[in-house]
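Work through the exercises below with the sequence and the structure at hand, and try each task before you read its solution.

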Amino acid sequence: MSLQDDLTAVRRNLNELVRSVEQLERDVARQAPAASRPPGAGPMVSVPDTPYDSTLWTDSDDEGLGARDRRAP
């Protein structure tokens, strides 16, 4: 194969990829309203941006790190 043949094949594959992605985007856009929420999902819960009370974390271990007064093995 020559370089020109390789470039032609790459262009053809790229054009096919672009067409496939465009078709996928159209399919997703058509199904978006139905797929916007998973079945059985409850109402949305808003989580405030305010910091949590630091006393909630008193006596807690750092997850994955173990207790504060002990060393990891």
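A residue counts as exposed when its relative accessible area is over 50%, as buried when that area is under 20%, and as partly exposed in between. Keep in mind throughout that the model is a predicted one.

**Exercise 1.** Describe the overall make-up of the chain, and state what share of its residues count as buried.

*Solution.* Begin with the secondary structure: the chain has 1 helix and 0 strands. Next, turn to burial, where 3% of the 73 residues count as buried. Finally, consider the accessible surface, which comes to about 7,400 Å², with 57% of this area belonging to carbon and sulfur atoms.

**Exercise 2.** Find the partner with which R30 forms a salt bridge, and classify both residues by their accessibility.

*Solution.* The partner is D27, and the closest N and O atoms of the pair are 2.7 Å apart, which is within the 4 Å that a salt bridge requires. The count for the model comes to 1 salt bridge. Both residues lie in helix α1, where they are 3 residues apart, or about one turn of the helix. R30 has a relative accessible area of 60%, and is therefore exposed, whereas D27, with 27%, is partly exposed.

Note on methods. Residues are numbered from 1 along each chain as its sequence is written. This is a predicted model: local features need pLDDT of at least 70, side-chain atom pairs count only at pLDDT 80 or more; totals for chains, interfaces and linings use all residues. Side-chain values use heavy atoms; hydrogens and water are left out. Helices (H or I, at least four residues) and strands (E, at least two) are DSSP runs, numbered from the N terminus. Buried means under 20% relative accessible area, exposed over 50%, partly exposed in between (1.4 Å probe, protein chains only). Accessible areas come from the Shrake-Rupley method with a 1.4 Å probe; for residues, only the protein chains shown count as cover. A salt bridge is a side-chain nitrogen of Lys or Arg within 4 Å of a carboxyl oxygen of Asp or Glu.
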